[in-house]
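Dear colleague,

Please find the structure below. My notes on what was found in it follow directly after.

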Amino acid sequence: MGQTLIKNGHVIDPANGRNERADVLLEEGKIGAISRNMTVEGAELIDAEECVVVPGFIDTHTHLRTPGQEYKEDIASGTRAAIRGGYTAVLPMANTQPPIDNETGIRFILDQAQTQGVARVYPVGAITKGLKGDEIAELGLMKRAGACAFSDDGMPVRSARVMRFALQYSKMFGVPLSVHEEDPSLTQDGVVNWGRISTKMGLPGIPAESEVAMVARDLELCRVIGGHLHIAHVSTARAVHLIREAKAAGICVTCEVTPHHLTLTEDLVHESGYDTNTKMKPPLRTQDDQRALLSGLKDGTIDLIATDHAPHSFDDKDKEYLFADFGIVGLETAFALLHDRLVLTQALSLEKLIEAMTWRPAQVFGLSGGSLSEGVPADITILSTSDEWAVNPKEFASKSANTPLTGWSLTGRVRTVLVDGQVRLRDGTLTC
Amino acid sequence: MANDSVLKPKATIMDEAGIKRALVRISHEIVERNKGTENLVLVGIRRRGVPIAQRLAAFISDTEATEVPVGMLDITLYRDDLTLRHDQPMVHRTEVPDINGKTVVLVDDVLYTGRTVRAAMDALMDLGRPSSIQLMVLTDRGHRELPIRADYVGKNVPTSKHELVEVRLNEVDNVEDVLIMEKVERDE
Amino acid sequence: MNDVQQLRQKHILGLAELSVEEMTLILQTSESMREIIDRPIKQVPTLRGRQVLSLFYESSTRTKASFDLACKYMSAGAVSISKDSSSLTKGESLRDTVRNVEIMGPEVVIMRHPSGGACHYLARNVSSSVINAGDGTHEHPTQGLLDMLTVLQHKEHLDGLNVVIVGDVFHSRVARSNIIGFSRMGANVVVSGPSTLLPPYIEEMGCQVESDLDHALAEADVVYVLRLQLERQSASYFPSLREYTELYGLNERRLALAKPDALLMHPGPMNRGVEIDSDVADGAQSVILEQVPNGVAVRMALLYLLLGGGE
């Protein structure tokens, strides 16, 4: 494989506190030296002039829809979408058909990833059998087969008793429980945030308390029982507040936020005139929530950004608002959206953004990537912070196009991506 | 697109006194032809047919000392050109007294193609079954497209197709006259 | 000529999209249409040969009948598909229904649907004009218009009137359209009902909230009682019909708190003895039955205004 030299880029590697102009040398698929003005005889050159060189992004919350719903996404298309978005590793959720709730399922995902995937795939196993919330799944066997976390995502763990045992039991394996916090009795048939917009548009609302009540419950369980509680896609100001207090109290809790909850609000549902690509769970919330999420991210209450990439086919979305599926794709727009809306507006530093997409996810989920430390596999993403482009889902590698961002002009683009030192995306074009 | 032409007054063919003379004469003709005012109903076609009908009724009541009922007919919903127009006329209220078995005199300001009168007769038939319908117009400018003829005419005004007859009445327009208007190309 | 006015809207999706001028035009035209309904021959040839399709994905008796009559009175060809007969029950997607509609080529499609925004979806996907006959808990614009028309027939104008809307505002598209319509026309709208049945931020739609009904009724010119869906009790919105009727049922005593010439309205069908007492529903101040022909008039006016003009 030999040597590759990424020249003239600006390197941001939060894990090592590096934020400077430097060249990066890759040797045999691993990170070698990083220093200024290197020249290496015979090395393949990648020009990163005016670009930012960062560790490959890690998405801790992805729906690859395989097995069972390959018409929406599969490992081949989903990992290619990841690469186009600068992600070199994804954590596919277990709510497939059938759900990934045993070691055979985990092996299936790893096997598919081996043969079809172009990015790293770290499977997530279900917390409960069949995602039904009644009995704990075989966490131990799944962990041994390669599960890096457990989650019933898509569904909350309704029973406090089951959640209590899951925390207690998972402690033995040292992996996080990534939980979808929602009280079904409060959510009912809700489709948008409960409040101004649900009233105005005559759509059933999902109250913030639906999330907050469950977060409060699980924080208390985690305080008493221990274990690693990871709260998926936090969307409310109140949940951020509770998590901040819990962290201060020493509870082992981490959490994530999606790019869309950080940048969009419920107003988009109205402005889009009932576009079902604004329908997701948790729903887009208010400006106050959005502000709280951003400050939570800045002060470290929120650990990381995860896309909750939720592909749905045209038919699943081209329906009445009430009947359309929940969720939007996110892998291929995440960086551009966050850069455009947060970094360019100086609401968030580029370094902080990169940290929340690389090093923090690796730390929280105990993964090896997320840094440019010498000797680690060379998973690298090269970004332009000045390229402006219009979102066109026809160009997506994902099988699905369910994004509310169609036609939006965003500044910031993923140029080149390497996995294990191999180029998977070159100047925006997939090479795999 | 509208034609690039404007209307310019060409000639005044009736003034206030002329209009009054014509209406007084016609009020006599109506009574004479119908041998009195029994069973008579005047129905003005909105909009300028209405004040004309009211004035006729007043003249008749002056000479005959009886009140002749007056109705107002809006024929918008009976027009045959609604889909051809790119603008859309307002629909106004129709208020017509009982016309069953009555002699109805339809009243309008200008008789031209006859289509308005046809629509008005259709509308009247939906409102009841008059024993007969007569037609009174203040001016008849010719160019009929339907076999319709007025029973009472204030003034016959021969016109060409690119001309227009405009009746202006105090009740509606705050002036009182009848003009021939001519379409002329707008010069830029 | 000033006598020519047109709707700027191609669709009637909600009163939120209509300006004061447009609502005024619709109400004036409806007033003219009202006379046709009282004629022995209730038909004008205006829309002869024009086709109107109605899709009713929710049961409806009066709204559907009212639209059907409006089509007949205007001589338009009307075909309706309702939930029982339509392929909705067989699982055909709205999109496929829409495609079928499109190929049939009606000029106006009327739709009632359980999802808010379904008419917006339809409007985006067909070339016909769309009239919303009620979408979820979003809007019911023709009801709002007919209610305003009914009030206008008794009061000279809506400007400055005190309109009190009582009951399950939360689940009511009628309430939303009326709040928007009346407030836009200058009326002061107050909503009253159990706090569990008042939606959040409803005041931002142009009304005040007063949970104490007796208090809300003082100085009222119009008392609008909403229908109570009886199944809301089992969903815990209120403890019992008895308590609801006690606190929010409209009876003689309560109506007497309003102005002496206050109008009493209800969109129907009524739950007599629950949200409204028969004494007042059938009493001198009730204009509930007048709402029915006015509904036909408003729908005739909309058909005329949407179809009357040429290209």
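Two residues are said to be in contact if their C-beta atoms, placed from the backbone, lie within 7 Å. Helices (H or I, at least four residues) and strands (E, at least two) are DSSP runs, numbered from the N terminus. This is a predicted model, in which local features need pLDDT of at least 70 and side-chain atom pairs count only at pLDDT 80 or more, while totals for chains, interfaces and linings use all residues. Residues are numbered from 1 along each chain as its sequence is written, and chains are lettered from A and ligands numbered from 1 in the order in which they are written.

I begin with a helix of chain A. A residue counts as buried if 20 or more other C-beta atoms, placed from the backbone, lie within 10 Å of its own. In helix H4 (residues 160-170) of chain A, the buried residues are Met163(A), Ala166(A), Leu167(A) and Ser170(A). Viewed down the axis of H4(A), these buried residues fall within an arc of 95°, so they line one face of the helix; the arc is that of the directions from the helix axis to the C-beta atoms. Among the elements that cover them are helix H3 (139-145) and helix H7 (208-225) of chain A.

Chain A is divided into domain 1 (3-53 + 377-386 + 406-430) and domain 2 (56-364), with bounds that come from an automatic or database domain assignment. To the contact between them, domain 1 of chain A gives 19 residues and domain 2 of chain A gives 24 residues. On the side of domain 1 that touches domain 2, strands S17 (380-390), S18 (409-419) and S19 (422-426) of chain A each give two or more residues. S18(A) provides the largest share of that side, 7 residues.

Chain C also touches chain A: 24 residues of chain C and 16 residues of chain A take part in the contact. Helices H3 (94-104), H4 (118-125) and H6 (173-184) of chain C each give two or more residues to the side of chain C. H4(C) gives the most to this side, with 3 residues.

Finally, H6(C) is mostly covered, since 10 of its 12 residues are buried. Including Arg173(C), Ile179(C) and Phe182(C), the buried residues of H6(C) pack against several elements of chain C, among them helix H1 (20-37) and helix H5 (141-152). After H6(C) comes Gly186(C), whose phi is positive, near 100°.

Yours sincerely
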